[in-house]
Amino acid sequence: MKVVIRTEYGGPDVLSVVEIDKPKPKPGEVLIKVAAVAATSADSKMRGLQGLSPSMRVLTRLVFGFIKPRNPILGSFFSGTVEQVGDNVTKFAVGQEVFGSTGMKQGAYAEYVCLPQTGVVVIKPSEMSFSQGASISFGGTSALCFLQKAGIQPGESILINGAGGDVGLAAIQLVRKFGVTEITAVCGTDKIDTVSQMGASRVIDYQNENFAEMDGSYDVIFDTVGNLNFNCHKAKLKKNGRMLSAFFPLSAPLRAMIMNLFSNKKHVCIVAEESVESLNYLTELFRTGDFKPLISHSWPLDDTAIAHRYIQNGHKLGSVVLLP
Ligand SMILES: NC(=O)c1ccc[n+]([C@@H]2O[C@H](COP(=O)([O-])OP(=O)(O)OC[C@H]3O[C@@H](n4cnc5c(N)ncnc54)[C@H](OP(=O)(O)O)[C@@H]3O)[C@@H](O)[C@H]2O)c1
């Protein structure tokens, strides 16, 4: 089968397409023929370690391989069709369309993946495209995890920084569903129309304005870019406000834990987790028309390096998917 590998950390050119043996499902596993896999901002960072703080770079190397990546195959967020089931599999049957995540094990930039039936994988409804399924597994689950952690309530206000990206566009739609109508989106000029259509009630073009110098305070600030500092921006939070940081240096969670003890404003720095429950919840929102991921680009698996060049520039619109 065809896979995309990288045998060292580096720029998009370290990615290459090779043939390896197709995996066989062990007892309790399903073999999935991948139809779409999300190429994400996280994959881009794992490939090149670019943009990470020095301490985060060391941690990433410790977890994923110090000298070179332990698993050369990137990618976690897939959709596809069950092609074969191992012994004792009762949850899935051959021919079912599914989507989910291989998590930290990665390996989804491939024509096939094997997953335990107890893994993060759910049935894809027929009205959801394969690309949408792959996209939901990343942007949707990440945004949902942060918003749940913030305990966002109906009637609260939110500012979303990086609102035109994968996580930002998902967050705009999800907070609407949670009863939040005051949604301020911060994005570049070319994304203003999209974030407005997705449901932002106010848009700030960061290329022309700085929200920190403008009127307004928020119950929640969701920073998906990583350029906001809790200490500098907490004046923009209302009492009991929460700042959510999707991208942060290694020291941030510990600092947040200590500072949260002494303030009524909280800083949330977490690594989002995907779960069967979150995928099922997002599937339900998809069915009711409350959540629809935006896929701005798709490339064949052979062009993964081209996709990574686009993602790495940091100005992605919505999701990017690769099609094996
Ligand atoms: N902690 C976790 O568990 C977790 C989970 C998911 C993602 N993440 C991280 O969260 C970040 C966002 O992920 P993503 O997939 O949404 O990324 P993305 O799709 O690349 O989106 C980032 C967005 O930020 C905008 N942006 C860039 N500079 C900006 C600035 N100065 N001010 C405001 N907006 C700016 C970009 O477009 P424009 O500049 O054109 O507006 C882009 O739309 C990544 O760093 C990712 O690694 C963390």
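A search of the whole structure, which is a predicted model, identifies one cavity of 30 Å³ or more. The space in this largest cavity amounts to about 60 Å³, and its lining is formed by Ser135, Gly139, Gly140, Asp166, Leu169, Ala170, Gln173, Phe291, Pro293, Leu294, Gly318 and Ser319. By class, five residues of this lining are nonpolar, six are polar and one is charged. Two helices, α3 (130-150) and α4 (166-177), each contribute at least two residues to the lining of the largest cavity, and the largest share, four residues, is supplied by α4. The lining also draws on both domains, with at least three residues from domain 1 (2-124 + 294-323) and at least three from domain 2 (140-269).

The division of the chain gives domain 1, made up of residues 2-124 and 294-323, and domain 2, which covers residues 140-269. Between the C-alpha centres of domain 1 and domain 2 there is a distance of 28 Å, and the contact involves 13 residues from domain 1 together with 12 residues from domain 2.

Among the open sites, the second largest pocket has a volume of about 240 Å³. This pocket is lined by 16 residues, of which Leu228, Asn229, Phe230, Arg255 and His267 are the closest to its centre. Helices α6 (230-233) and α7 (252-261) each provide at least two residues of the lining of the second largest pocket, and the largest share, four residues, belongs to α7. The lining of this pocket comprises eight nonpolar, six polar and two charged residues.

Helix α3, which takes part in lining the largest cavity, also holds Ser131. With a relative accessible area of 18%, Ser131 falls under the 20% limit and is therefore buried. When residues up to four places away in sequence are not counted, Ser131 touches Ala36, Ser79, Ile295, Val321 and Leu323.

Several residues of helix α9 (residues 304-312) are buried, namely Thr304, Ala305, Ala307, His308, Tyr310 and Ile311. The elements against which the buried residues of α9 pack are β1 (2-5), α1 (41-48), β14 (295-300) and β15 (319-323). After α9 comes Gly314, a residue with a positive phi near 85°.

Aromatic pairs were also counted, and the total comes to four. Because Trp299 belongs to strand β14 and Tyr310 to helix α9, the pair ties together parts that are 11 residues apart in sequence. Both partners, Trp299 and Tyr310, are buried.

Two loop positions complete the description. Thr7 is located in the loop between β1 and β2 (16-19), and, leaving aside its neighbours within four places in sequence, Thr7 is in contact with Lys68 and Pro69. From Thr7 to Phe211 the separation is 204 residues in sequence and 42 Å in space, taken from C-alpha to C-alpha. Asp21 is situated in the loop between β2 and β3 (29-38). The relative accessibility of Asp21 is 70%, which is over the 50% limit, and Asp21 therefore counts as exposed. Asp21 and Lys2, which are 19 residues apart in sequence, have their C-alpha atoms 8.7 Å apart in space.

Notes. Residues are numbered from 1 along each chain as its sequence is written. This is a predicted model: local features need pLDDT of at least 70, side-chain atom pairs count only at pLDDT 80 or more; totals for chains, interfaces and linings use all residues. Side-chain values use heavy atoms; hydrogens and water are left out. On a 1 Å grid over the protein atoms alone, a cavity is a set of points where a 1.4 Å probe fits but cannot get out, and a pocket is an open set with protein on both sides within 12 Å along at least five of seven lines; lining residues have an atom within 4 Å of a point. Grid points are joined across faces, edges and corners, and a volume is the space filled by probe spheres set on the points. Ala, Val, Leu, Ile, Met, Phe, Trp, Tyr, Cys and Pro count as nonpolar, Asp, Glu, Lys and Arg as charged, and the others, Gly among them, as polar. Domain bounds come from an automatic or database domain assignment. Buried means under 20% relative accessible area, exposed over 50%, partly exposed in between (1.4 Å probe, protein chains only). Contact means heavy atoms within 4.5 Å. Rings of Phe, Tyr and Trp (its six-membered ring) pair if their centres lie within 6.5 Å; planes under 30 degrees apart count as stacked, over 60 as edge-to-face and the rest as tilted.
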